[in-house]
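Here are my notes on the model you sent over. Have it open while you go through the points.

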Amino acid sequence: MTWHVLGAGSLGGIWAARLALAGLPLSLLLRDERRLAQFQAAGGLTFEQDGRCQTLPIAAETLAATTPIRRLLLASKAYDAAAVARALRPRLAADAEVILLQNGLGSQDEVAALLPQARCLFASSTEGAFRRADFHVVFAGTGHTWLGSVPATPAPDWLDELAQAQIPVSWTADILARLWRKLALNCAINPLTVLYGCRNGGLQAHADEVAALCRELAELLVACGQASAASGLQAEVAQVIAATAANYSSMYQDVAAGRRTEIAYLLGHACREAARRQLALPHLQTLEGRLRSHLASRGLPQD
Ligand code: NAD
Ligand code: KPL
C-alpha cells in the first residue's frame, strides 16, 4: 500500500527518504502546483546523513490530487495539522490510517475530531532532523519513535515496513504517557532557554526555577491521569539538561530564526489543562505569560 507523506519538512523528509530507499511505494504531498514544480525541478528530495547527500526522485503530488489516501504520515507542525486534515479529508479512504507526528498535545484531538472516519494514530519522536534548504533534509540525530492509538489497540502489521526502512519505531499501549512526558520535558526546558537566551546547559544556573516547574508539571500530570509520566520527572529533566548542555532547544532555535513556535501545544496546552481542572500552578502560569510577552516583543505569534 502506498505511503502518503506530508510534508517535505524535516521529519516528513527523513521518513520519506528512508521509505524510498527501502523501495516502498510512496508519494509526497506538497502544498500546490508551484511547490510540486519546484520539487520536480530540484530532481526530488535530497537526504543528507553523515555528510553524504543523495537526491531521491520520489513521487509527489499536490494536496488537491484525487487519488485516495489509505495510509498517511502527517508530519506538519502542530499548528498546521488541523488545516492539513481539513484539506485532505475528501481524499481519505473509509479505512484510512493517519499517523500524527506532532510534538506536544492538543493537535491530535483537533485532527481526530475532523477525521471521524479515519483511524488516527499518535506518534512521539526523539529523532532529529532539519532542513538545510528547500527539499534538502539532514538526518541530525538518531532517536526513536513511539506509535500508539487511544484507546490502545494491537500493533498494525505495517510496522514491519518501517523496520525494513530502518525507521526505529515501537508500538506502545500508552502513547499518551509518552506524549505527556515529552511535553513536560519541553515545558521545563524550552521556554526558559528562550527567556534566558541560553543553551540547555545554561539552565544549570537556574536549577531552583527548573525544579519548581518540574514539581508543578508533575502535579499536572497526576491530575491528568498520567501518574507514570510524572514519576522521576525532575531527575530526567536534570539529566536531559546535562546530556544536551551544548545544544539550543528547538524553541530557542525557532525564536532565534523568527519562526512561529508550538507554544499553544506545549506550555499553552499544559496551562489550559491546569485551568480546566482549576489547578493553581503559579510558576507555570507566570512562565507562560513571560514567554508570550517575549514572543510578542519579537513580533512572533503568541499561540
Ligand atoms: P518542518 O517545519 O520542518 O516540516 C513541516 C512541513 O509541513 C513543512 O515542509 C511544511 O511546508 C509542511 N506543511 C505544513 N502545512 C502544509 C500544507 N497545508 N500542505 C503541505 N505541506 C504543509 O517541521 P518538523 O521539524 O518536521 O516538525 C514536525 C513535527 O515534529 C513538529 O511538531 C515538531 O515539533 C516535531 N519534531 C520535530 C523534530 C525535528 O528534529 N525536526 C524532532 C521531534 C519532533
Ligand atoms: O526536545 C527537546 C527540544 O529541544 O525540543 C529537548 C532536547 C528535550 C529539550 O526540551
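1. Let's begin with Glu161, which counts as buried at 19% relative accessibility; buried means under 20% relative accessible area, exposed over 50%, and partly exposed in between (1.4 Å probe, protein chains only). The side chain of Glu161 meets that of Arg71 in a salt bridge, 3.3 Å from N to O. By salt bridge I mean a side-chain nitrogen of Lys or Arg within 4 Å of a carboxyl oxygen of Asp or Glu. Arg71 sits in strand β6 and Glu161 in helix α5 (residues 159-164), so the pair ties together parts that are 90 residues apart in sequence. Arg71 is buried too, with a relative accessible area of 5%.

2. A word on the ground rules. This is a predicted model, where local features need pLDDT of at least 70 and side-chain atom pairs count only at pLDDT 80 or more, while totals for chains, interfaces and linings use all residues. Residues are numbered from 1 along each chain as its sequence is written, chains are lettered from A and ligands numbered from 1 in the order in which they are written, and side-chain values use heavy atoms, with hydrogens and water left out. Helices (H or I, at least four residues) and strands (E, at least two) are DSSP runs, numbered from the N terminus.

3. What does Arg70 pair with? Arg70 forms a salt bridge with Asp95, and the closest N and O atoms are 2.8 Å apart. Here strand β6 (residues 69-74) holds Arg70 and strand β7 (residues 92-100) holds Asp95, so parts 25 residues apart in sequence are tied together. Arg70 is partly exposed at 37% relative accessible area, and Asp95 is partly exposed at 44%.

4. Arg181 is buried at 15%, whereas Glu236 is partly exposed at 25%. The structure holds 14 salt bridges.

5. Now for helix α11 (residues 267-276): 7 of its 10 residues are buried, so the helix is largely enclosed by the rest of the structure. Among the buried ones are Leu267, His269, Cys271 and Glu273. The buried residues of α11 pack against α6, α7 (207-223) and α12 (282-297), with contact meaning heavy atoms within 4.5 Å. Glu273 also joins Arg276 and Arg277 in a network of salt bridges. After α11 comes Gln278, whose phi is positive, near 55°.

6. Last, the ligand. Ligand 1 is surrounded by 23 residues, the closest being Ser10, Leu11, Asn103, Ala129 and Glu262; a residue is near a molecule or strand if one of its heavy atoms lies within 4 Å of it. The shell divides into 9 nonpolar, 7 polar and 7 charged residues. Its largest share, 3 residues, comes from β9.

7. On ligand distances, an oxygen atom of ligand 1 is 2.8 Å from a polar backbone atom of Leu11. An oxygen atom of ligand 1 also lies 3.4 Å from an N or O atom in the side chain of Lys77, and a backbone N or O atom of Ala129 is 2.9 Å from an oxygen atom of the ligand. Taken alone, ligand 1 exposes 820 Å², and the protein buries 85% of that (Shrake-Rupley method, 1.4 Å probe).

Technical notes: Polar contact = N/O pair within 3.5 Å; in protein donor to acceptor, adjacent residues only side chain to side chain. Nonpolar A, V, L, I, M, F, W, Y, C, P; charged D, E, K, R; others polar.
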